[in-house]
Structures are given as C-alpha cells and as structure tokens.
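Subject: Structure handover

Hello,

Here is the structure for your files. My notes on what turned up follow below it.

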Amino acid sequence: MDVRVKDIRKEFSHLPALENLSLNIRSGELIALLGPSGSGKTTLLRLIAGLESPTRGTIYFGEDDASSKTVQERNIGFVFQHYALFRHMTVLDNVAFGLTIRPAARRPAKAEIRRRALDLLDLVQLSGLEKRYPAQLSGGQRQRVALARAMAVEPNVLLLDEPFGALDAQVRKELRRWLREIHDRTGHTTVFVTHDQDEALELADRVVVMSKGRIEQVGTPDEIYDEPNSPFVYGFIGQSNCLPIRVEAGQIWLEDRLIGLSAPGEADGPAKLFFRPHDIELVDGCGGCLAGIVVQSRRVAGTRHVEVELGAARTRVEIELPPQRAASDGNRIAFRPTRFKLFRD
Amino acid sequence: MALDASLSAADAPASSNVRAATTESRAARVVIIGLSLLFVALFLVAPLVVVFTEAFRNGTEEFLSALSDPDTFSAIQLTLLVAGISVPLNLVFGIAASWAIAKFEFKGKAFLTTLIDLPFSVSPVVSGLIFVLLFSSHSLLGPWLQSHGIKILFAVPGIVLATVFVTFPFVARELIPLMQEQGTSDEEAALSLGASGWQTFWYVTLPNIRWGLLYGVLLCNARAMGEFGAVSVVSGHIRGVTNTMPLQVEILYNEYSFVAAFAVAALLALLALVTLVIKSLLELRYSAQIAASRRH
Amino acid sequence: MALTSDRGWQFRQPSVIPGFGLALGVTLSWLTLIVLIPLSGLAWRSSSLGWQTFWSLAADPRTVHALWISFGCAFLAALVNVVFGVLLAWVLVRYRFPGRRIIDAMVDLPFALPTAVAGIALTTLYAPNGWIGAHLAPLGIKIAFTPWGIVMALIFVGLPFVVRTVQPIMEEIDREVEEAAATLGANRFQTVSRILLPGLLPAVLTGFALALARGVGEYGSVIFIAGNLPYVSEIAPLLIVIRLEEFNYPAATAIAALMLMISFAMLLVINLIQAWSRRRYGYGA
C-alpha cells in the first residue's frame, strides 16, 4: 500500500520537530529515513504509525485518511529499536499476539493462527525456537522475532525504528542482507529509520535524508551519493571537501587564482565548492588547478588518503590517490576536481 | 480546579490519539486514583489521625501530664537506651558484613546473605521466645547465670538482645546492594595511591555510602524503638523497669487509660513520621546513592 | 572461575582489597552469637521433645486453630493487598497528581509505625463504638474483635511489601512494549490485562508471599483488635505467649518450631519464584 505524508507539522511543547513535510512512499518500496539524531526521522516514523499525532497535516494510506485513525486501527507493523518483545510470552505467543487479540469476528481459528506464526518463524529462520522466551534469545534472534511479530498482522506498512541499532557490527551486516531478502520475498511497503548511511545506501530503494525537521533530499542511493542537492547532504553522506571560492564571469577562483574549473551561467560572487576525495585528477605543473602542500598521508586499505593545505588560508582538503602514488609530507601536489558542485550561502 | 489540570499521565504527550496508545481514558484514571486514595485514607491516614486525635482528646495539658508519669518517663528512657545500644552494634555489623560480601568473591556468599536476612522472616514472638529458651531457668545456661547473679531475661540485656535480633539485617541489607553496585575500583585506586586499608575505608568507601548508611540506620532505629512482640516476650513487663514505650502503650491501653496510651503512641507515631520524612528527603536527594532495593 | 581453576579449590578469589578476614570474622561471630545460636537453641529444644510429644503438641486443636487463623487471615489480607497494592503502585508510577509524593512516602508508614501503635489505632477505628465501627454496627457488620479485625490489621501491615516489590518493576516497564501491543491492534484493556499485568506476575507473587509471611508471624498490631477468643480469633503468636505465661515451654516451643518451618517454607517459595522469574523473564522480582 502506498503511503502519502502531506504537509505534516509536529510540535512538542510548542517546539517544532517536523516542519511542513511531505513525502510519497510507493507501494512495495523499501525506503530509509536517514539523518543525524534530532533530525525528526523517528518522529516521522511514529507519526506514520499513529504513535504520535501531527499538530497539522494529513497522512494517507492508499486513499484512506489514516490520520483520523488510532494506532490500533491503522494496521501497521512496527519494529522497535529495543524490540519490545513481551517477555512473559514464548516466541510463538509473541508472534501470534496480534492475531489472538482480534475480535472474534476477524480472528482466525486457533490452529490457523499457530500455522501462520510458525510459517513466519520459518521465514525469519527461527524454526524450533518457538517455545523459548525472549530472555533466552540472542539480540539478533530477538530482532527477528520482532519482525515476525510485526508481519503477522499483515500490515499495510512495515515500520522499523533503528532496526539494527542495538546489534554488534557483524550481526548487523548479516541481518541487513537478510532484511532485503525478506522484503523482496514478501513485498511489504517498508520504512526504516537509521542514522547509519551505509545501512541506508546499501539496503533502501530510496533514501530520505532529513535534517532539523526537514527533508533535505529524496532519491535512490546513487542519486543521493552522486548528486547531493545541498551542502548538508554533501557533508552528511560520504566524505567530501568544501572550499570557499568565488565565481567571476563563469570561472571559478580560489583566492587570487583560477583553478581551471568553469561554472557557466553561474552568477558572480562567493560560493562554496564541494567535491569528493576520489573525484579528482592529478595534473602536472599548473595552469589552472588546485595546488598545495601535503601535510599528512595515510594508507587506508586500497587507497592513499592525502591531506593537502590549499592557498594562503591553508584550507585543508582530503584527496584519495592510488596507493602506489607516493606523497610525502611537505611535497607539493596539484590536482583538479573531476566532479563538483557549487552552493551559494 | 488545580487537580483537574495536573491530573495527567506521567510524561504522556498532549495529543489525543497518542493517549489511547499508552495510557487510560480520563475517566478510568479518575476512578483508579480515587480508589487508591480511598484505600490509603482508610488504611494509612485514618490510623495516624486517630492516634493524634485521641492523644489530644482532653487537651494538651492532659497529654503532657500523661507523658510526665514516672513509669512512662522511665519507659521512654529505656527505649532510648535500648536503641542507643542496639543500633550502633548493628551498624558495625552491617558495615563489616557488607564489606565482606560486596567487596569480595568467596564460596557460600549467597548462603551468608540469606542467613543475614533470616531474622526478617521470623515472627517477633518467636524471636523473643528463642532468647527465653536460651536463658530461662530451665535452660542450659539458666542455672549457671543464676548462680553468678547475671540477669538477662526480664531485664535490660534480654531486651537489647531481642532488639538486636529483630533489627539485625537492616543496615547490612541497605549497604550490600549499594556497595556491590559501586564495585571495587575506587578502593583499588586509593590502594594504588598508597592509602592504607583504614584510610581507604575512611576517605573513599565511607563517603560513597554515607547516605545509604544513614538510611539503613534510620530504618534500624525506627524498628528498634518500636519493636513490640519480641521485647514483650523477654521483658517481663515490670513497670518502670523493663517496659519500653510500645509495652507501656499496651499496659496503659489495657488499663483503659486511653489518653495516656495514645499520648505515648503519639510520640512513637511522631518518630515514625520523622523517619518517613527524612527517608523521603534522602530518597529525593540521594536516590542514586541509596540502594535501589527499597523493600525490607 | 577460569582464572582460579589451575590453582584448585579456593575459598575466595584473590583481591588486593584488605580487611576480608576482619570483616568476615566480625560478620560470622555476630551472626552466630545473635542469630544462629538462639535459633538452633529452638531447634534443639523442639527436637529434644521427641517426635511423639512434638506431634501431640502440634496437633492440639487449639494450636491447629490458631495456626489456621493466622494463616487464613494473612492469606486474605495478602490477597487484598495484591489488588490494592498493584493499583497503588500503578497510580504512583504512572500518574502525576498533587500529593503523589506524600502518598508515596505514606506507603512506608506500616514499616515505620510501631505495631502496637497501629494496633490500638485500628482498634479505635473499628471497635463497635469506634470511628468507623460505629457506622458499621447498625448494618450488623462487626470488624474489631472478630477475625475480620485480624484481616484489617494484616492489610495495614502487609501493604508496603506488595507496593515496594511491584513498584520498581513497574517503573522499568518499557513504553515501547505498550506501544508494540498497540501497533499490533491491542486496545488499552488488552494491553494491561495481557501484557502489563502478566509481566508483573513474578513481582506480584513475591510481594504476596512477603506480605503473607509477615502476616502469619504478626503479633503487635493484631492482639488489640483480634478479641483473642480461643478457636475463633486467637492467632498462633499469641498462643505462644499464652503458653509461655503458663510456663508450658514445650507447647510454646512446638508452636514456634512449626511457625519457623512455615517461615522457612515461604522463604524457599520466594526464592523459587525469583529463580523461575530470572530464568524465564530475565529479571528477579
């Protein structure tokens, strides 16, 4: 089911947490809400779930206005950061809970509930553990029980709040791949919140980058990485360098030098130049390039990370070079970004 | 109405849909709070009000004259004496026990902790009886004590022993979880800096546990001054000699001297109230430094 | 443990912290002197009665009645305390209203108020001419000087045990758990009755057992209000006192030994509940 968030505003004791935010989530999509803490991503997720109600604005599930419904009526699946499993119930009872509490008219027969719960446990690879209690499971197993429990009610939309936040790195990676598989098999519309960009870029069909209660950019992982549309996204996703420059007659100047990049159609005046450390080419000599002194050089796995001081202001940038390229401290180095973006202040 | 505005669920946001998810409807809240307040009023507040009302039924003068009765006065003295002996004894024990249990790992620790808690699960009357069986003239020790002119039963030593028994776990029980939580790293740091064992205890451990210690002593003292069953069995009820305040309350009440009985009771109730106030203040200000386990 | 395994059995693990010998020495001597010797005195006395004598004393109908009354009244009072104790804990943890802190502090009153004071105060309340009793008497309800009086006194005495056991566990309930139930479609009643209360079960059981144990042994607050009629409202601790006053030491010893056994049984039950709870729920009540 597709979910549309329209002009949502949310205030907590008169402080805005979300400001006039709209978002369309397509049916069957796996979408990530990515942002630093305090960006409002969890608030947005809880608004969709109905765990909070918006100060203003509407949320549609398909054609239905969901904002007038309580959380119980929305039929969503929510996976909490700390799983929130019912500790006095077995794994099976946890998964079956959403079905067993339905009013008699909509409740499947006992045997049917059990069958569906067991099927789901099979799907999340926990067959055989149905009689255990949550306290007897590992973190990753609890996470999977929580997911099975949320899916048992056949939700309109599956919402996950930092689903891997409480797990250690190894388990995280495994579960990430596994969640993608489950999603591809079941096709639930899924929204998950994360502050981990690797997780968002690796897992999601589309990523929603949020900051300070606003959406900065919505796009596929490639779009987000290759064409960030704001300084925030440039800085938040991946590594990037920022140089204060000047545009004059379509040419870009750093202090008193041309750097060999042009910005046709750009108005004159100061701006910021963003480029990624690996989007550069080394140049010999320099008739229009960025040139500076190497202040530090580190080998990180398959690349060499070189820090360079540029210009009189000694602005530091980091570039990535092939490891065989020697770059010792104090050496002069010249390069030119191959891919960059300008932002006005 | 002020109550109206503030009658809210703890930290629930203000919007209406949310309230349905994690708290009750307003009507349900009012009923639940009303029921509990009624229960508290009936079972906790009413007895307290009765004590003070009955004590002052005939005015302050009679209240004061009831307290200045020589037998009552000596009961107050005895109670202070008994608490003055048994509380420090259990304080020293409590610190020693919690030091051994919280700072070291040894075999049988859990069993030792259970043994320390034992007096809590013994009926006060049984607590008194065991000392009667130990020291009465029919016992093993009895004839020997008698021949040496040592009087324990129906005298102050017996009352102190019974009081020490019933208040035995109080201090240790507050300190053990607190000291376990604090671990041993502070002490190890002090020792590594060259402090002696006593210096470490005095300058490092004691400041860390002082509020928990005070809390334990407070509870211990309240029980020591108020103990009835155990003391009643060993005291022999000799007026003006072996009657503590609670025993004096019983005697006066059974003699139908209600005002006098309630006057002494009011003093004890005042002690309880002061204990509760200090306890609440300690919990409010130093909750982190008082052991999490608040039950007894 | 792995650290010490190559050095064989060790009484304690090595530590740089001094004072173990002194602290344990003080602890053990004091414990032995004050608790263990007196209690074993009781054990020795009752075993020296011989099985036959012990049994005939224990099976004495007045003793059996007294024990039954102590146990039955304590059981009823603990049940009432479970209902109102959980309700009160809920109110204290979940709601904010004027006077909440005072109520919270008041819950400990039964711990702090000497039992004799509580006894005479409750009697004055519930006696047929008392503050509350006078209003109940015309309705034919008698509380003081009947077993109901005992129940009233034991409710007073046992209340904090339930509240203080349940309260901390209730405070730790994660809001997320309630939200999870709501997202799965549970209404508030279902969330409370199927998620919250069952999750509190170990704590509630422990509180119940503590209140019951305390009630069975309670003396001071009960004797004033009970009326103390043999076979009707005479509690076991009082019977011990009566036997002592008759210099009937064997009978007093036998009843005390029985009560001690009951106490230990309850202690065992409480420990079992906690072990079970830790294993299954991941917390000890």
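Is Glu309(A) buried or exposed? Glu309(A) is buried, at a relative accessible area of 16%. Buried here means under 20% relative accessible area, exposed means over 50%, and partly exposed is in between (1.4 Å probe, protein chains only).

Some ground rules. This is a predicted model, in which local features need pLDDT of at least 70 and side-chain atom pairs count only at pLDDT 80 or more, while totals for chains, interfaces and linings use all residues. Residues are numbered from 1 along each chain as its sequence is written, chains are lettered from A and ligands numbered from 1 in the order in which they are written, and side-chain values use heavy atoms, with hydrogens and water left out.

Salt bridges

Over all chains there are 43 salt bridges. The cut-off is a side-chain nitrogen of Lys or Arg within 4 Å of a carboxyl oxygen of Asp or Glu.

Glu309(A) pairs with Arg316(A), with 3.5 Å between the closest N and O atoms.

Arg180(A) and Asp184(A) form another salt bridge, 3.1 Å from N to O. Both sit in helix H6 (residues 169–186) of chain A, 4 residues apart, or about one turn of the helix. Helices (H or I, at least four residues) and strands (E, at least two) are DSSP runs, numbered from the N terminus. Asp184(A) is exposed, at 51% relative accessibility.

In chain C, Glu178(C) and Arg94(C) come to 2.6 Å between their closest N and O atoms in a salt bridge. Glu178(C) is in helix H10 (residues 175–183) and Arg94(C) is in helix H4 (residues 61–94), so the pair ties together parts 84 residues apart in sequence. Both residues are buried.

Aromatic pairs

The whole structure has 28 aromatic pairs over all chains. Rings of Phe, Tyr and Trp (its six-membered ring) pair if their centres lie within 6.5 Å; planes under 30 degrees apart are stacked, over 60 edge-to-face, and the rest tilted.

One of them is Phe78(A) with Phe80(A), a tilted pair at 4.5 Å centre to centre and 35 degrees between the planes. Phe120(B) and Phe170(B) are edge-to-face, at 5.1 Å and 80 degrees. Phe120(B) lies in the loop between helix H6 (109–117) and helix H7 (124–135) of chain B, and Phe170(B) in helix H10 (residues 170–182) of chain B, so parts 50 residues apart in sequence are tied together. Phe120(B) is partly exposed at 23%. Phe170(B) is buried at 8%.

Ring pairs also join Phe228(B), Tyr253(B), Tyr256(B), Phe258(B), Tyr219(C) and Phe224(C) into a cluster.

Second largest pocket

Tyr219(C) turns up again here. It is among the residues nearest the centre of the second largest pocket, together with Ser232(B), His237(B), Glu250(B) and Glu245(C). In all, 44 residues line this pocket. A pocket is an open set of points on a 1 Å grid over the protein atoms alone, where a 1.4 Å probe fits, with protein on both sides within 12 Å along at least five of seven lines; lining residues have an atom within 4 Å of a point. The largest share of the lining, 5 residues, comes from H13(C).

Best wishes
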